[in-house]
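Please work through each task before reading its solution.

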Amino acid sequence: MDLRRLRYFVAVAEARSVGKAAEQLRMAQPPLSVQIRKLEAEIGAPLFRRGTHGMDLTEAGQALLARAGEALALAADGIEAARAVTAGRRGRLSVGYMFVLANAVLPRLIPELRRSIPGVDLDFVDLSASTREARLLDRSVTVALCMPAIHHPEIQVARIGAQRFMLAMPNRSPLARLGAVPMARLQGRPLIALPPPERDPASSAVAALLRRHQIVMPIASRVETVHSAMSLVLAGEGLAILPDCAKLGAPRGIVFRPLRDVDDSIDIAVCWRRDSQSPLIPRFMKCAEKIVARL
């Protein structure tokens with residue numbers, strides 16, 4: 001049903017006059033009469049009869065009026081809801097995050113998001129190196145906090161910060177007694193490694209760091225998450241080169257030390273599909289930049 005005709009019908013029913021309704025609607029009387037006749041033809045029954053005090057509703061007209069106001073209100077609510085979603089005031093935002101950033105970022109990011117976009121439903125999805133790209137591409141997450149950035153032609157990336165590399169080791173390791181660990185002390189020691197970048201394993205920031213210093217660390221294990229890496233480090237299986245923020249989730253018995261004369265870092269990035277039209281992404285990024293700047 002044409003909502004415009006429904007609004008015309010309600011105006012005539014409330015004014016009990018086509019002429020008065022036309023004045024209120026700021027239109028000529030003949031076109032309004034035409035629209036009422038078309039509505040009656042669509043329904044298949046007369047909606048008005050002329051009474052002593054103006055236009056009276058028929059039984060069909062009374063039945064329609066009982067629901068017309070509700071229908072128009074629902075339509076107005078729907079339009080406002082669509083506008084609110086378009087403006088980023090309402091909607092749903094699914095946020096993916098990698099475990100390494102959880103303890104450092106989420107406790108401050110979530111309250112910031114709830115203050116910034118209070119009408120938006122938020123959900124949070126834990127991502128790993130092997131799932132993060134797929135979850136963005138299949139739209140099961142809208143936006144993702146990644147470390148490092150994803151490199152894929154369909155994914156847009158914005159760098160919002162970085163974390164320097166640290167060496168994670170058991171507290172019983174002789175290296176734990178050093179304030180900073182020289183790179184030469186890593187030669188030949190087993191490495192607990194994380195998955196390399198999806199499309200170019202040789203570009204791994206850790207691999208590049210070791211190559212530049214001509215250090216060879218045989219890979220003892222390659223794991224999916226920083227949490228798994230720290231568990232193997234604690235078990236004495238090897239050392240791990242991890243971002244500084246990983247120490248916030250470190251189990252007891254793990255210590256972190258800087259690498260001497262090393263300024264290498266790993267990017268923190270916001271990633272989303274290039275074809276996404278969500279107005280919530282810029283608002284999310286503003287909040288994320290604010291929190292990451294404090295790390």
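Two strands count as paired if DSSP finds at least two bridges between them. The model examined here is predicted.

**Exercise 1.** Determine which strands pair with β6, and in which sense, parallel or antiparallel.

*Solution.* 
Step 1. Begin with β11 (residues 265-273): nine bridges link this strand to β6 (residues 155-170), and the sense is antiparallel. Within this pairing, Ala 162 lies opposite Asp 267.
Step 2. Turn to β10 (residues 254-258), which is joined to β6 by five bridges and also runs antiparallel to β6. Here Pro 258 is the bridge partner of Met 166.
Step 3. Take β9 (residues 240-243), where four bridges to β6 are found, again in the antiparallel sense. Ile 241 of β9 stands opposite Leu 167.
Step 4. Apply the criterion: a pair needs at least two bridges.

**Exercise 2.** Characterise the largest cavity: what is its volume, and which residues line it?

*Solution.* 
Step 1. Count the cavities: there is one of 30 Å³ or more. The largest cavity holds about 40 Å³ of space.
Step 2. List the lining, which consists of Phe 99, Val 100, Asn 103, Val 226, Met 230, Cys 245, Ala 246 and Gly 249.
Step 3. Assign the helices: α5 (99-116) and α8 (226-234) each contribute at least two lining residues. The greatest contribution, three residues, comes from α5.
Step 4. Classify the lining of this cavity by residue type: six residues are nonpolar, two are polar and none is charged.

Key
Residues are numbered from 1 along each chain as its sequence is written. This is a predicted model: local features need pLDDT of at least 70, side-chain atom pairs count only at pLDDT 80 or more; totals for chains, interfaces and linings use all residues. Side-chain values use heavy atoms; hydrogens and water are left out. On a 1 Å grid over the protein atoms alone, a cavity is a set of points where a 1.4 Å probe fits but cannot get out, and a pocket is an open set with protein on both sides within 12 Å along at least five of seven lines; lining residues have an atom within 4 Å of a point. Grid points are joined across faces, edges and corners, and a volume is the space filled by probe spheres set on the points. Ala, Val, Leu, Ile, Met, Phe, Trp, Tyr, Cys and Pro count as nonpolar, Asp, Glu, Lys and Arg as charged, and the others, Gly among them, as polar.
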